[in-house]
Amino acid sequence: MNDNNTPIIGALASSPLIRRHPANPVLDAARVPYPTALVFNAGVVKFGGRYVMVFRNDYGSLEKQTLEPSHTTDLGIAFSEDGIHWTAGPKPLFKLNDEEFVRGYDPRLTVIDGRCYMCFAVDTRHGIRGGIAVTDDFESFEILSLSTPDLRNMVLFPEKINGNYVRLERPFTVYSRGGLDRFDTWIAESPDLIYWGRSELLLAVEQVPFANDKIGPAAPPVKTDKGWLTTFHAVDLDPARGKNGWEPSWKKRYTAGIMLLDLHNPKKILGMSASPLLAPEAPYETDGGFRNDVIFPGGMILEDDGEVKIYYGAADTVECLATAHVDDLIRLCLGQ
């Protein structure tokens with residue numbers, strides 16, 4: 001049993017439908033023209049005729065395996081013509097730090113009606129908040145809303161559904177879930193991206209066979225003719241795990257799951273893979289990273305030929321790419 005008094009998950013494997021790109025990692029600190037250390041958990045979209053990636057920078061020393069204080073974290077940007085080869089911008093583009101805000105991080109990008117919206121997490125002196133900002137040029141961002149604590153991992157659907165904007169989110173329900181990590185995925189609506197309500201539980205951690213700790217949204221959903229295809233992150237905890245990264249102890253493993261939501265009522269799950277879509281297996285996911293055995297999708301793009309590009313942070317250290325065909329992913333969700 002783990003600390004949540006739930007069974008240990010054991011060995012996990014990725015779906016044979018998913019393919020890691022041979023160019024992985026597609027972005028790391030060595031290819032960023034300023035002295036960052038960890039480049040990961042990026043949001044990715046197609047915008048203005050090219051691929052755009054906004055990624056998290058954590059500063060420190062890869063050689064010494066040390067990090068600067070968390071208030072130094074910011075967001076960087078990279079561009080690509082093919083979604084594989086990326087050129088990072090000359091400087092970070094987004095940072096939140098003042099008397100109340102400690103840092104903004106983990107961006108998730110969604111294009112709605114020609115504008116690019118960014119959900120992000122914000123560490124503050126009084127809890128973790130979820131933010132939504134909008135940009136038209138990736139040079140300036142207008143912050144539209146910030147949630148109450150504790151909330152993060154927010155992602156937007158790329159269009160209004162039944163007249164409202166829709167987002168997936170993960171509140172930190174600590175006290176009401178026994179004082180432990182038992183975090184679930186919720187769904188909420190808004191008329192204007194500012195005021196959110198009609199919240200409902202979408203997927204609970206106990207519904208995911210490969211999680212015994214917590215779950216939450218990952219990359220923003222993409223629209224298919226069969227429903228909204230969306231990834232989620234799933235965490236399992238094993239107290240027997242010891243040092244597995246830079247920290248003295250790292251007992252968690254992050255995998256990626258996938259599910260299909262109803263097109264007209266995304267509060268209805270049409271199907272979910274019973275096993276991970278991606279589990280840590282490649283060396284850049286399992287060895288030498290800040291936190292090994294971590295996979296966290298932050299961007300998903302459906303190409304015209306049916307290829308789905310899934311961008312994910314690996315070991316909280318680098319950014320990677322995996323691909324699959326949309327029809328295969330839908331069949332995986334529906335158990336066909």
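1. A quick definition to start: two strands pair if DSSP finds at least two bridges between them. Helices (H or I, at least four residues) and strands (E, at least two) are DSSP runs, numbered from the N terminus. With that in hand, take β14, where Ile-187 sits opposite Leu-168.

2. Some housekeeping before we go on. This is a predicted model, where local features need pLDDT of at least 70, side-chain atom pairs count only at pLDDT 80 or more, and totals for chains, interfaces and linings use all residues. Residues are numbered from 1 along each chain as its sequence is written, and side-chain values use heavy atoms, with hydrogens and water left out.

3. Back to β14, residues 185-190. Its partner on one side is strand β13 (residues 165-171), antiparallel over five bridges. On to β15 (residues 197-203): four bridges join β14 to this strand, again antiparallel, and Glu-189 has Gly-197 as its bridge partner there. β14 and β15 make a hairpin with six residues between them, and Leu-193 in that turn has a positive phi of about 70°. As for cover, five of the six residues of β14 are buried; buried means under 20% relative accessible area, exposed over 50%, and partly exposed in between (1.4 Å probe, protein chains only).

4. Strand β8 (residues 101-112) runs antiparallel to β9, joined by nine bridges, and Gly-104 finds its bridge partner in Val-122 of β9. Two residues lie between these strands in their hairpin, where Asp-113 takes a positive phi near 50°. β9 also pairs with β10 (residues 127-135), antiparallel and over nine bridges. Here Met-118 faces Ala-133 of β10, and two residues lie between β9 and β10 in their hairpin. How much of β9 is buried? Nine of the 10 residues in this strand (115-124) are, which makes it mostly covered.

5. There is also an open sheet to trace, with four strands in the order β2-β3-β6-β7 and antiparallel pairing. Its edge strands are β2 (38-47) and β7 (87-88), each pairing on one side only.

6. Now the pockets. On a 1 Å grid over the protein atoms alone, a pocket is an open set of points with protein on both sides within 12 Å along at least five of seven lines, whereas a cavity is a set of points where a 1.4 Å probe fits but cannot get out; lining residues have an atom within 4 Å of a point. Grid points are joined across faces, edges and corners, and a volume is the space filled by probe spheres set on the points.

7. The largest pocket holds about 490 Å³. It has 31 lining residues, and Arg-56, Tyr-105, Arg-152, Arg-291 and Asp-316 lie nearest its centre. Elements giving two or more residues to this lining are β2, β3, β8, β12 (151-156) and β19 (252-261). Which element gives the most? That is β8, with three residues. The lining splits into 13 nonpolar, six polar and 12 charged residues. For that count, Ala, Val, Leu, Ile, Met, Phe, Trp, Tyr, Cys and Pro are nonpolar, Asp, Glu, Lys and Arg are charged, and the others, Gly among them, are polar.

8. The second largest pocket has about 300 Å³ and 14 lining residues, with Pro-221, Val-222, Met-300, Ile-301 and Leu-302 nearest its centre. Its lining takes two or more residues from each of β2, β8, β17 (222-224) and β21 (295-302). By class, it divides into 11 nonpolar, one polar and two charged residues.

9. Ala-279 is in the loop between β20 (269-272) and α1, and it is buried because its relative accessible area is 0%. Apart from neighbours within four places in sequence, its contacts (heavy atoms within 4.5 Å) are Leu-12, Ala-13, Ser-14, Arg-20, Thr-255, Glu-285 and Ile-295. Thr-286 belongs to helix α1 (residues 283-286) and counts as buried because its relative accessible area is 16%.

10. Last, the cysteines. A search of the whole structure turns up zero disulfides (pairs of cysteine sulfur atoms within 2.5 Å). Cys-320 is buried at 0% relative accessible area, and Cys-333 is buried at 4%.
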